[in-house]
Amino acid sequence: MIITISGLPGSGKSTIGKMLAKKLDYKFYSIGDLRGKMAMKSGMTIDELNKLGEKEAWTDQNTDKYLKQLGKTEDNLVVDGRLAFHFIPQAFKIFLTINPKVAARRVFKNPRPDEPKVKSAQELEKIMANRVKSDERRYKKYYGVDFKDPTHYNLTLDTTKLSPKQIIGIILKRLAASVC
């Protein structure tokens with residue numbers, strides 16, 4: 001089984017993906033980490049890479065080809081990536097949403113290396129909202145896809161008030177019900 005996790009910034013995609021993969025003894029892949037490394041290697045933040053991607057398709061297409069290949073050649077994995085549901089259509093697809101203020105506080109407390117340096121969670125909230133808008137523009141332009149459309153997913157969860165343990169419990173119950 002392949003499980004994809006999409007969602008909003010700060011919703012817990014990577015945290016939940018890693019925990020779920022460990023619990024199921026699956027491999028874990030993070031497309032966000034891959035893009036982050038690509039940005040840093042190019043001397044950019046993730047947001048600068050995304051902005052470039054609005055004009056230059058290669059910034060998305062390289063990771064998207066990788067996603068397609070994963071879906072064709074591997075099994076028993078969890079993939080954290082906004083468009084993973086689209087490129088691995090046979091997967092069990094999860095979408096995580098969150099209150100933007102809570103998301104910004106989470107990311108501000110534990111920033112990834114590719115995040116822009118900011119002085120407050122409020123500043124980061126604006127940057128994250130712009131990131132989502134950039135993602136929406138690129139995904140519509142290149143693939144005609146709205147990643148926030150709930151009809152793409154088998155399960156949508158609001159993680160604002162849930163602990164990672166609660167989220168994993170909900171996912172495992174839904175997975176068990178889907179294979180019956």
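Thr4 is buried, with a relative accessible area of 1%, in a model that is predicted. This residue belongs to strand S1, which covers residues 2-7. When residues up to four places away in sequence are left aside, Thr4 is in contact with Val79, Ala84, Phe85, Ile88, Ala91, Phe92, Lys93 and Ile94. One of these contacts, Phe85, also takes part in an aromatic pair with Tyr153.

Seven aromatic pairs are present in the structure. In the pair formed by Phe85 and Tyr153, the ring centres are 4.9 Å apart and the planes stand at 55 degrees, so the pair is classed as tilted; an edge-to-face pair would need an angle over 60 degrees. Phe85 is located in helix H5 (residues 84-87), whereas Tyr153 is located in the loop between helix H7 (121-143) and strand S5 (155-158). The pair therefore ties together parts that are 68 residues apart in sequence. Phe85 and Tyr153 are both buried.

A further aromatic pair is made by Tyr142 and Tyr143. Here the distance is 6.4 Å centre to centre, with 70 degrees between the planes, and the arrangement is edge-to-face. Tyr143 has a relative accessible area of 21% and is therefore partly exposed, as the buried class requires a value under 20%.

Ring pairs also join residues into a cluster, whose members are Phe85, Phe95, Tyr139, Phe147 and Tyr153.

Technical notes. Residues are numbered from 1 along each chain as its sequence is written. This is a predicted model: local features need pLDDT of at least 70, side-chain atom pairs count only at pLDDT 80 or more; totals for chains, interfaces and linings use all residues. Side-chain values use heavy atoms; hydrogens and water are left out. Rings of Phe, Tyr and Trp (its six-membered ring) pair if their centres lie within 6.5 Å; planes under 30 degrees apart count as stacked, over 60 as edge-to-face and the rest as tilted. Helices (H or I, at least four residues) and strands (E, at least two) are DSSP runs, numbered from the N terminus. Buried means under 20% relative accessible area, exposed over 50%, partly exposed in between (1.4 Å probe, protein chains only). Contact means heavy atoms within 4.5 Å.
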